[in-house]
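Thanks for coming, everyone. Let's take a quick look at one structure. Please turn to the screen.

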Amino acid sequence: LSLNLFSMYISSYSHFTQLSLCRQHLSNISPGYYCQNGLRFKCKEGTYGETSALFDDNCSGFCPRGYFCPENTVHPIPCSPGSYASGGAKECTSCEVPLTVPMEIKNNMCRNDRSCCFDYDTN
């Protein structure tokens with residue numbers, strides 16, 4: 001029983017110390033980063049960190065559909081015309097739209113699902 005109490009004390013102390021380390025250096029946890037176990041990490045691919053002092057490894061959340069988020073993203077980046085991304089994407093996927101499709105039509109295509117790749121009509 002005393003060993004269990006000692007383990008709980010060490011675990012609680014360790015958790016408190018790790019949070020204290022992060023809180024002491026909140027100015028070092030800028031957007032695009034999060035703090036965990038007392039250390040600062042870049043927001044991982046497919047996530048973004050809009051605010052400072054984040055403590056979740058998903059940062060502010062997963063990248064929304066129609067956007068991509070490489071590592072350390074602060075604001076999700078929209079997919080370019082003729083490409084798409086589902087939620088949590090680290091990059092957009094090209095639709096490989098034929099060159100004969102005018103840019104005006106590509107600009108109006110949706111960008112949040114594979115079905116967008118077939119969302120053009122040249123007639």
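**Cysteines and the core**

Cys116 has 0% relative accessibility, so Cys116 counts as buried. Buried means under 20% relative accessible area, exposed means over 50%, and partly exposed is in between, with a 1.4 Å probe and protein chains only.

A word on the source. This is a predicted model: local features need pLDDT of at least 70, side-chain atom pairs count only at pLDDT 80 or more, and totals for chains, interfaces and linings use all residues. Residues are numbered from 1 along each chain as its sequence is written, and side-chain values use heavy atoms, with hydrogens and water left out.

Back to Cys116. Its disulfide partner is Cys110, with S to S at 1.8 Å. A disulfide here is a pair of cysteine sulfur atoms within 2.5 Å. This link is left-handed, with -115° about the S-S bond. Cys110 is partly exposed, at 28% relative accessibility.

How many disulfides does a search of the whole structure find? Five. Another of them joins Cys79 to Cys92, sulfurs 2.0 Å apart. The torsion about that S-S bond is about -85°, so this disulfide is left-handed too. Cys79 is buried at 2%; Cys92 is partly exposed at 22%.

Next, Cys95 and Cys117. They form a disulfide, S to S 2.2 Å. Both are buried.

Both also sit in the largest nonpolar core. That core has six residues: Tyr84, Cys95, Val97, Val101, Met109 and Cys117. A nonpolar core is a set of buried Ala, Val, Leu, Ile, Met, Phe, Trp, Tyr and Cys residues joined through side-chain atoms within 4.5 Å.
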